[in-house]
Amino acid sequence: MNYLSVENIKKSFGERTLFENISFGINKDQKIAFIAKNGSGKTCIMKIINGDDTPDTGQVVIRKDIKMAFLSQVPQLQDELTIEESIFASDNEILHVIERYEKAIENPDDADAYAKAFEDMDRYDAWDFENQFKQILFKLKLEDFKLKVKNLSGGQKKRLSLAIILINKPDLLILDEPTNHLDLEMIEWLESYFAKENITLFMVTHDRFFLERVCNEIIELDNGKLYTYKGNYSYYLEKKEERLTSENASIDKAQNLFVKELAWMRRQPKARTTKSKSRQDDFYVIKEKAESRRKENKVELEINMERMGSKIIELHKISKKFGEKVILNNFSFDFQRGARIGIIGKNGTGKSTFLNLLTQTIPADSGKVVMGETIKIGYYTQSGINPKPGQRVIDIIKEYGEYIPLMKGRLISASQLLERFLFDSKKQYDFVEKLSGGELKRLYLCTVLIQNPNFLILDEPTNDLDIITLNVLESFLLDYPGCLLVVSHDRYFMDKIVDDLFVFRGNGVVENFPGNYSDFRAYEDSAEPISKDDKNTSNESKSWKQAKTISSGLNFNEQKEFNKIEKEIKDLEHQKKQIEQLFSDGKVADNEIENKALELQKVINLKEEKEERWFELSSKME
């Protein structure tokens, strides 16, 4: 059964065409994800489907008898209403019956009203419905019904918007980045709910685990064309790769033919026969095909990272609380070279506060932060860019200089750097206020990285980024030789780039887990429950003790060490080459030769130790 059809829609803003001739349908029980680059009009298409915007041409046809709901990125709620009032503000008759029943319970002296409310609950079969919606509110942790919307956090508002929609059970649900501002527990519950419920979905999301586990179809808008994949995210990746390989083979064939035809065109006299005129027309078709090779979405970031000394950052017995709410209690940690740590925990447990304490943006109540002399922090916050009125994209980058230093003494211009961040020459002169949310995040990320930090802190870097940009960012971070500390609710992202976790449990409890997010979930699912008393026995950073033997022959910690050691060897090899290059280029001052030689020998010795350990662990896996 067809619920909705999008027919040949087009949308332009001035001279810029976002999309045209876009057509697709949504049928009952489909769970569709819509994938496209930032700035290509994903949110605009969703607003057109919901009736909040109109296309320049084309139309959206919606089946008359279906109930549709739209979850936008910015919750549409009334500040002065309470959670309870917001839920009952819909036009759902059963909810009004339950509302009257709830009020009758609060006023038991009015026997007639109570009897009428009880009778209506029976007549509308509202008892099960009440239980279901209370379960949804409980799962979304919206238990204080009297809280006003204006006093809710961003995450609570998102959960309330979700609750209102889920309680009303629409036939078709349109979701724009449903996992943004939700913590991992909420994301996993929502993922499980959508996977098992018979609900038709059309969504834009960058959460690739969500795509994998919920969606059964993916529609991609790529270079102005729509491609449909009847499967989940892994199926999409496989089939897209096949499509690109086929396209490139076809283009290669056209390019070879183009060379031959070009030679023929140049040999022809001005007067042409009908036959040669036909061949001439074919030539221009071949030429267009040959020149259609797609631009690969790769970013080469060879930013010249500042040299890092032996002392990184040390945290000594840091404590912080707000009123009665404890964030940290005597937390100590010594960051090591090459550390790649993810931070997870429920909203409100103090993850962003921890980053602000580390960067000394806010003071600790007690304890101290000791920063190494060579450490240069790059801090990507959730607040983003604050451009001046009328500022263009290129102006933002030029604030850091006309030219940016790269490795090996090379330079690139501000314009070239923006191109590497997927801002073409035309886009660079757009006003910043015209950028999409994802493009703004990408530009902000660019401004953080070009400052050459050797300790990179990222607070929710994946929000609003498209999957293409996420892949670019991940590729860069995998090769990034400095220290990395990241807060993210993107499980796929965390699995790819971090080696260890800080788990914020709340009430000042922070646990140090040796592994990525999937390792942590596997451990949590298999571990015996920990009593509340056990959790509060220590205020220090906890270490996870694991003695689980895995099929490789390595225990858990050995497996994590093995996974990290290859990168450590690669980093040491990189350091060795850098020092050797300094000697080769004659850039070491006479009074520094001995120290540099000792530093080089230290790196070589450590690299050999790591290689020996790698072979030792490898032998246990056989």
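Strand β1 (residues 2-13) is joined to β2 by eight bridges, and the two strands run antiparallel. The model described here is predicted. Within this pair, Val-6 is placed opposite Phe-24 of β2.

Strands β1 and β2 belong to an open sheet of three strands, ordered β2-β1-β4, with antiparallel pairing. The edges are formed by β2 (16-27) and β4 (57-62), each of which pairs on one side only. From one strand to the next, the twist averages 10°. Helix α1 (residues 42-50) lies across β1, β2 and β4, and runs at about 55° to β2.

**Strand β17 and its partners**

Strands of a sheet pair through backbone hydrogen bonds, and the pairing can be parallel or antiparallel. Strand β17 (residues 455-459) has parallel pairing with β14 (residues 377-380), through four bridges. Parallel pairing also links β17 to β18 (residues 483-487), here through five bridges. Tyr-380 stands opposite Leu-458 in β17, while Phe-455 stands opposite Cys-483 in β18. To get from β17 to β18, the chain passes through helix α15 (residues 467-479), and this β-α-β crossover is right-handed.

| Strand pair | Bridges | Direction |
|---|---|---|
| β1 and β2 | eight bridges | antiparallel |
| β14 and β17 | four bridges | parallel |
| β17 and β18 | five bridges | parallel |

Why is strand β17 described as largely enclosed by the rest of the structure? Five of its five residues are buried, so the strand is largely enclosed. Buried residues are those under 20% relative accessible area. Both faces of β17 are covered. Phe-455, Ile-457 and Asp-459 are buried on one side, and Leu-456 and Leu-458 are buried on the other.

**Helices α4 and α5**

Two packed helices are described by the angle between their axes and the distance between the axes. For helix α4 (residues 111-123) and helix α5 (residues 126-139), the axes come within 6 Å and cross at roughly 90°. The two helices are therefore roughly perpendicular to each other, a description that covers angles of 65 to 115 degrees. On the α4 side, the contact is made by Phe-118, Met-121 and Asp-122. On the α5 side, Ala-126, Trp-127 and Glu-130 take part. The residues of this contact comprise four nonpolar and two charged, with no polar ones.

Note on methods. Residues numbered from 1 in each chain as written. Predicted model: local features only at pLDDT ≥ 70, side-chain atom pairs only at ≥ 80, totals over all residues. Heavy atoms only, no water. Pairing = 2+ DSSP bridges. Axes fitted to C-alpha atoms, helices over the stretch in contact; angles between N-to-C directions. Contact = heavy atoms within 4.5 Å. Buried < 20%, exposed > 50% of the residue type's maximum accessible area, 1.4 Å probe, protein only. Right-handed = clockwise from strand over helix to strand, strands pointing away. Parallel < 35°, antiparallel > 145°, perpendicular 65-115°, else oblique. Nonpolar A, V, L, I, M, F, W, Y, C, P; charged D, E, K, R; others polar.
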